[in-house]
Amino acid sequence: MATRRGRGRSWLIYGGLGLWATVSSFPFAWMLLSSFMTRGETLRRVFVPEKVQWANYVQAWKEADFGLYFENSVLIAAMQVGGTLLFSLLAAYPLARMEFRGRNAVFACILATLMIPESVTMVPNFLTVTWLHRSSPFAWLNSWPALTVPFLANAFSIFLLRQFLRGLPGELWDAARIDGAGHFRFLFGILLPLCKAPLLTVGMFTFIGSWNALAWPLLVTNSPNWRPISVGLQQFVSEAGAEVHLQMAGAVIATVPVLLIYFLIQKEFTEGISMSGLKG
Amino acid sequence: MDNRTKDTLIAWSFLAPALAVLAGFGIFPIGYAFYVSLHQWRIRKGEYIGFDHYLRALGEPGFLVWFIAGLVLLWCACRVYRSLRDRQGGGYLPILIAAGLGLPALWLSLDQGLGGLLETGDHRLYNGLKITLFYALGTIPIQLGISMLLAYLLFKSLRAKGVFRILLFLPYVTPVIASAVVFRTIFSPHPSSVANRFWALLGFENCRWLYESKSVVGLFLRALDISTYPAWVDSCFPSLALVSIVLYNIWVYIGYDTVILLAGLSAIPRHYYEAAEIDGASPWQVFRNITLPLVSPTLFFLSMVAVIGTFKAFNHIYIMRTPGARDSVDVLSIAIFDLIFEFHNAGYAAAMAFVLFIAILALTLVQNRVLGKRVFYGD
Amino acid sequence: MKKKAERAFRAAILPLLAGLLPLASCGGGDESARPQEKVVLEELDPSGQEVVFWYQHTREREDELLRMIEDFNRTNPHGITVRGEYAGKYNDIYNKMIVGLQGGTLPHLVVAYQNQARAYYQEEGIVDLNPFMVSPKWGLDSQARADFFQPFLKQDNIDGVQTGLPPNRSMEVLYYNIDWLEELGFDAPPATWDKFAEMCRKAKEQPFSKSPDQSRSLGFLLEIDASRLASMIFSVGGDLVDAEGKGYTLDTPHLRQVLGRMMGLMGEKAVGIVSEDYGDQKEFSVGQVLFALRSSSGLPYFKSAIEEDGVGFRWGVTHLPSGPAGPVVNVYGASISVCKIAPEGQLAAWFFLKWFTEPAQQARWVRASNYFPVRKSTAQELVEYFVENPQYKAAYDLLGYGKSEPSVAGYQQVRRLIQDAMVDIFDGGDVDQVLERLETAAGRSLAEQ
C-alpha cells in the first residue's frame, strides 16, 4: 500500500508526532541534563554538562530519605489503585447499564464531589479521619487508612468507566441473560475482560495522583513512617536557596518508576479490542 | 420480589462501597464548607452571621436578581426565537421579536445586574471568576483539539508507537515541583530564557512572560507603538503571565487527554473500520462518521472533566505565580487559598468556595444539556 | 427538562443535607480549649512530660536539630522527652495547626511567623510566654532577659502578649563583590546611597573580568519583595508604620527617595529587576551583578556557589548604605510558640525553649544552620566560627542595628499591596497616584481586621 499519497500521509503523521514529542520531552530533557550538572554549571546556564555527575543522585537519594519514602509511596499507591478499580467499576456498572430510581441524582451527586476546591476540603476530611481514628479499633492517622481510604472512590474514575460501559452494545446483556447470568457474573465475567483499556487508564491515573500527593499526606502523618516520596522532593527547596541540580536529580528519581510502569502497560491501552461473537 | 425492585437493590448494593467513601470524603466537605460559610470563622467557629459573607463577596442581592432575571429573559428570547422560526419557517419577524426581548434582557443582566455586582461585590471574587474564565477558555479548546489530533495520529502510526507514547506522557507524569521550576526558567524575563531566545529568533523583543501583568492585546498594541489605549483592553484580555501558565497547563495535560482518547479510540470495534474500507470511504469521512461519534463518550467525559478541573485549578498556577503578575493570574481557587493562609479567614473563604462550587455546577449542567445530546452511545 | 431540573435541585440540596446532619453532633471543636483555672506556675511539675515540636527544617539543619533534641532528652534534669516532627513548610504547618485547633491534636511547640502566631493566639491556640519569662523559678533572670537582642523579643510581642520566643534570626544584608569593586577603583563597600549609585553605573560599563558572560553586567538586581523595599527604607531611617506601630506610613519621603533612586538607575540600565527564582543570587555568584540584597540565611549557598565550583572571587557582606542615623538592618525570622495544652506540658515545652536559647545551644545551632543567635553572649562561643566565616562575622556585628517589619494585623496583605505598587511604579505608573492608592488600600486593610 505504499502509494505516494500513503507515503505523504505517513510523513505528516510522523512529522506531527515528532513535533509534539519534542515539545513534550524538551523540558524533561532539560531536567535530566540539569540533574547531571554541578552547581556551577547550573549557575552558568550551560546546556550540556561536561561530566555526568552521578553523585547528585546519590546525594539526593540519601538526603531526601528516598529509600523509605519510595517504599511508602509504592504501598500507598498499590492500595489506592486496587481499591479504586474495584469500587469504581462496581459503581460505574449500575450507572451505565441499569435503570433504577434515583440514578441520575446519584450520578449528579458523585460528580458534585469534584466541584469543590481542595483548600476547603482538607479540614473537614481531616476532622472525619480524626473521628474515625478515635472511634475505631485501629489507627487511621499516621497509618495507611488515612492515606488511602479517602481516595478509594473517585468521581473521575467512576465517570470514565461509566462512559465506557455505556458505549458497549446492549446485545451483550441480552445474550448473558439468556445464558442465565446475573448482574454480578455479567460484570465480572463478560464486561471486565472488555474493559482492560479503561481500567488500565483509571489505574494509571490513580497511581500518578497517589504518587504525587503532598499536602494531604503531610497533614495526616507525623513521622516519616508512612510519608510518600513527594515529601522527600520538598527537601531541596528552602527559603534561602534552591539547589537545582539536586532538585532535578530528585525529580528524575521520583518520575522514573511511574514511567517504567507506564511503559510496561502502555501496549495494552491500544491493542484493538474486537467484539468477538456479536457480529450481525 | 419483582425484577425492578431486585434490580434497584442490586444497583444500590453495587454503588454502596463507592458511595460510602464519597459521602464521607466528598459530600460531607461540601456541606461542611457551606456550614463554615455561614459563620464568622477565622480558625475556629465564631458567631453565626447567615449570608453576610455571600453578600460581601457577591454584592447587593438586588443586582444578583437583575443579573439572573436578565439571563432567564435571554433564555426565553432564545426559545421564542426557535419556536417562532419553526412555525414561521424563516423571515425577519422571529429575529425582530427575539431581539426585542433579548437585547433589553442583555442590558438588564449585564449593565444593571453585573455592573452593580461588580461595584458592590468583592473585587477578589469577580477578578477570580474572570481569570478562571480566561484560563478555562484558553486551555480547554486547544488542549482537546491537539489531543484529539495526536491520539488519532498515534492510533494510525505503525512504528515507534511505544516511544511516542512515553514521550507525550512525560509532562503529566513529572512531579509538578520539577516541571514548574523548569517552566519558570523557560518563561522568565531573563534574556537567556528559552522563551525570549525563541522570541528573538522570530525577531521580537524580550518579554517579561510570567512577570508580565499587561494583557497580550495591550502588549501587541504597544509593539505597534500605540501606547495609549483604553483601560478595558488590559482588563478584558488575559495577561501574558496567564498565557504563559495556560501554555504550561496545555503542555502538561495533553498527555493526560491523549492517553484517555487513545483508550477510547481503541475501543471502537474494528469491524466498523473494515466495513468503511470496503465501502471505499475517504479518511475524512471515516473520521467524521465513525471515529468521532464513537469516541464522543470519551470526548464528552474529557470536556466535562476539563471544565471542572480548570475551574478548580490551583496547584500549577500557585507554583507559577510571581509578584510581577500581580493579580492577573489569581484564579478563584488561589483567591480562596490566600483567604485561608494569608488573611486567616476561613469563613469568607468557604463562602467563595461555595460560590465557585455553584458556578461549576451550573456550568456542568449547561454543558451536559448542550453537549450531552450529541454523544453517541453506540446502541 | 424536568428531569434535569430535578437533578439539579437534588444535586444542590443533597450535599447540604448530607453535610449538615453529622455537624449537628460536631460542635465546632472545642476540645483544645482549657478551662481558665488559676494555675500557679511555681507549683507545676514538668517531670516526665513528652513534648511534641513541629518544625520546618530539612536536611543538615534538621539533622542537627534532631541531635540537639536527643542531647536535651538525655541531659535535662526533669526527664522531659522532646519529639521533633517535620511538619512541612510554613503553609503546611499552618494547615496542621488549623485542623489541630478544630478538634485534632495540637503539638506542644510550633514554629510560626508573627502573623500566624497572632492568628493562633486570637483563637486561644497558643499562650502568652510572659509569665514563663518572668517566673522566679522557671523563667529567665533579668540578666538573661537583657542578654537577648531586644528588637527580636519585641517583634514577637503583639499588643503586650509574647506570642513566641525567637530561636534564631536572619537579616537582609548587602552581598558585594570585593574583587570587582577593586577593578572598578573602589576599596570599600558603599557608605552612602549616592556612592552605591555611582558604583552601579560603573559596574554596568565595566564587566567583571572573570565573568563568563561579559555581555550582561549590572550593578544590582532588585527583587519585587516588600522585605527588600523595607530594608532600603529602614536603611535611610524610615519606617513602614508610625511611631506607635498602629498605622501605616507608606507614602513617605523615604519611600519616594528609595523608589526614585531605583527608577533612575533602572533607566540607566545599571539596575534590573530579579526575573527568575534566586536570580540575583545566581548572577552574583558568577560575577554578573555587583551587589545583591538577600537574607543572611543564604550565606552558605552563596559560599558554595562562588567558592566551590563557581567563578571564585572575594566577596563580603555589609549593611546597606545608611543615612545620618547610622546603619539599620531588616531582621526577621519565625519564632516558636507554645500551644495551649495542659499546663504541665506548657511548662515542659517552655523548658526546652529556654534551653534552646541558651548561649551554648545557640552557638551549636548557629554552626549548623547559619542563622543568627538571639542572645548577645553567644558571641563568646563563636570565636573560632567567626574566624572561619568572616562574612558571617561581618553580618553578626550588625545585629545590634536590627529593626523589624511591622507586626500589625493584616501586614501580610499590605506586603502584597506594596509589591503591586512596586510593579506599577517600575512599569512607568504615576508615582503619586499609585502611592495614594497604596495608602488608601493599606488603611482599608487595617480597618478590616
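The contact between chains B and A takes 80 residues from chain B and 80 residues from chain A, two residues being in contact if their C-beta atoms, placed from the backbone, lie within 7 Å. The model is predicted, with local features needing pLDDT of at least 70, side-chain atom pairs counted only at pLDDT 80 or more, and totals for chains, interfaces and linings using all residues. Residues are numbered from 1 along each chain as its sequence is written, while chains are lettered from A and ligands numbered from 1 in the order in which they are written.

On the side of chain B that touches chain A, helix H1 (residues 3-37) of chain B gives the most, with 19 residues; helices (H or I, at least four residues) are DSSP runs, numbered from the N terminus. This side of chain B comprises 59 nonpolar, 15 polar and six charged residues. Here Ala, Val, Leu, Ile, Met, Phe, Trp, Tyr, Cys and Pro count as nonpolar, Asp, Glu, Lys and Arg as charged, and the others, Gly among them, as polar.

Between chains A and C, 27 residues of chain A are in contact with 34 residues of chain C. Helices H2 (39-43), H5 (103-112), H6 (118-135) and H12 (215-220) of chain A each give two or more residues to the side that touches chain C. That side of chain A has 14 nonpolar, ten polar and three charged residues.

Within chain C, helices H18 (residues 411-426) and H19 (residues 431-448) pack at an angle of about 170 degrees, with their axes 10 Å apart. H18(C) and H19(C) are therefore roughly antiparallel, a term for angles over 145 degrees. Axes are lines fitted to C-alpha atoms, for helices over the stretch in contact, and angles run from 0 to 180 degrees between N-to-C directions. The residues that meet include C:Leu417 and C:Ile418 in H18(C), and C:Leu435 and C:Leu438 in H19(C). By class, this contact of H18(C) with H19(C) has eleven nonpolar, two polar and one charged residues.

Conventions:
Angles under 35 degrees count as roughly parallel, over 145 as roughly antiparallel, 65 to 115 as roughly perpendicular and the rest as oblique.
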